[in-house]
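Look at the sequence and the structure first, then read the points below.

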Amino acid sequence: MEGILLGIVILLATLIFILGYLVIKEREKRRKLIEQIRRKERDRESKGFDKSKLLTRALSLIREGIVIMDPYGRIVFTNKLARELLDISPEDAGKFFYQAIKNFDVVSMINESFNKTYRVWQEKKIKDRYVQMIFGSDMDEKVLLLIDLTPMKKYENLKKDFIANVSHELKTPVAAMKLSLETIEEECKNNPRAIPFIRKALERVNYMEQLIEDLITLSQLESVDYKLSPVEIKLLPFVRNILKDLSDFIVQKNLKVEIKIPNNAEVRADEKMLHAILKNLIDNAIKYNRDGGKIEIAFKELKNEYEISVCDTGRGIPKSHLPFIFERFYRVERSRSRKLGGTGLGLSIVKLATDRMGGKVEVESEEGKGTCFRIYLPKG
Ligand SMILES: Nc1ncnc2c1ncn2[C@@H]1O[C@H](COP(=O)(O)OP(=O)(O)O)[C@@H](O)[C@H]1O
Ligand SMILES: [Mg+2]
């Protein structure tokens, strides 16, 4: 009996021992697993931290300003240039953009585009710097990118000043050359061998004179110092004056001009700009018209804008050329345009002047039938 009891006790003790061992083993296993998971998490965290540190450093080194916002417009990240340009202080992190950014224009620009996916603005002057702003947004972030165009602008201005100076310098000698050639032409009236050479030289001098004039007009129109001064312009006498200046060519080509402008039509615009636009459009309508053709100049007052159109019955402009005709020096037929005294700058002057007045220019052309240019200028 005692032997049986002892056996049971030993068996129980063995079972308890085995169970205890298993429990300890299991705990150890779990502890190791938890330790392993924690180590992995720590690793991941430390790696992530390095990455964001690296990213922050990289973003502060780039030459563009960056503002990153959360979907509600709270500032999440700014780099040095953005903070400098927009007067954001480091304590502003977490504030709404309209609380952090001190520049009122920039705030209203962001406001206006807050729900758009992408927006690019015309360059803007912020603290003596020319800045191009780009806004992009998705579900999670909104990013404002500020590109500092000041160095490029300086170079561009240098180039523009250079062209303006050279053109002014060339104006006087070319005018003197023209005068001399006209005098020689008069003197050589009875020398038929000399006349074709003199005429050729005069033709070239006239071209140079036109080129200089166009370059000066272009540099004046695009100069930041040129301030628009809108005045009330009576359109009919204004157009008639331009036609008078070009009347020799109209007569030479035997063109019929139809003016559809009411007597009392008035537009409010910068006089110099409007003159440059209409002179160039009418000049083209004459130059590229057929002999005995027609020119129609019309005016319409629309709800918010004026429409002025100049249509001709010339050879038209092939469709493939239409996207390029407003580029500088672009000519559909180079030799033909040059023979007619064209510089390829006329339509770029038209585009620049309408742009500066907040308007737009449209063209419609049919080969063999004619071309219509329409400009739209905002009222007021
Ligand atoms: N009314 C028109 N009819 C046909 N072609 C035109 C007309 N206006 C402009 N063009 C074409 O567009 C080109 C660019 O015009 P523009 O810039 O005024 O230069 P250009 O000095 O040669 O007249 C011209 O060379 C011509 O080929
Ligand atoms: Mg022209």
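This is a predicted model: local features need pLDDT of at least 70, side-chain atom pairs count only at pLDDT 80 or more; totals for chains, interfaces and linings use all residues.

Does α9 pass α11 in a left-handed or a right-handed crossing? The crossing of α9 past α11 is left-handed.

**Confidence**
- Averaged over the chain, pLDDT is 90, and 98% of the residues reach 70 or more.
- Helix α10 (residues 334–339) has the lowest confidence in the chain, with a mean of 76.
- Strand β8 (residues 256–260) has the highest, at 98.

**Around ligand 1**
- Ligand 1 is surrounded by 21 residues.
- The closest of these residues are N284, Y288, V332, G342 and G346.
- The element that gives the most is α9, with three residues.
- By class, the shell holds eight nonpolar, ten polar and three charged residues.

**α9 and α11**
- The axes of these two helices cross at roughly 145 degrees and come within 9 Å.
- On the α9 side, the contact is made by M273, A276, I277, N280, L281, D283 and N284.
- On the α11 side, it is made by G346, L347, I349, V350, A353, T354 and R356.
- The contact of α9 with α11 has eight nonpolar, four polar and two charged residues.
- N284 of α9 and G346 of α11 take part in this contact, and both are also among the residues closest to ligand 1.

**α6 and α11**
- Helix α6 (residues 195–222) packs with α11 at an angle of about 20 degrees, and the axes are 10 Å apart.
- Because of that angle, α6 counts as roughly parallel to α11; the cut-off is under 35 degrees.
- The crossing of α6 past α11 is left-handed.
- From α6, the residues D214, T217, L218, L221 and E222 meet S348, I349, L352, A353 and R356 from α11.
- These residues divide into five nonpolar, two polar and three charged.
- I349, A353 and R356 of α11 meet α6, and these three residues also belong to the contact with α9.

**α7 and α9**
- Helix α7 (residues 235–245) and α9 have axes 10 Å apart and pack at an angle of about 50 degrees.
- That angle is why α7 is oblique to α9.
- The crossing of α7 and α9 is right-handed.
- In this contact, V239, I242 and L243 come from α7, while L278, K279 and I282 come from α9.
- The contact of α7 with α9 has five nonpolar residues, no polar ones and one charged.

Note on methods
Residues are numbered from 1 along each chain as its sequence is written. Chains are lettered from A and ligands numbered from 1 in the order in which they are written. A residue is near a molecule or strand if its C-beta atom, placed from the backbone, lies within 6 Å of it. Helices (H or I, at least four residues) and strands (E, at least two) are DSSP runs, numbered from the N terminus. Ala, Val, Leu, Ile, Met, Phe, Trp, Tyr, Cys and Pro count as nonpolar, Asp, Glu, Lys and Arg as charged, and the others, Gly among them, as polar. pLDDT is the predictor's confidence in each residue, from 0 to 100. Axes are lines fitted to C-alpha atoms, for helices over the stretch in contact, and angles run from 0 to 180 degrees between N-to-C directions. Angles under 35 degrees count as roughly parallel, over 145 as roughly antiparallel, 65 to 115 as roughly perpendicular and the rest as oblique. A crossing is left-handed if the near helix is turned anticlockwise from the far one by less than a right angle, and right-handed if clockwise. Two residues are in contact if their C-beta atoms, placed from the backbone, lie within 7 Å.
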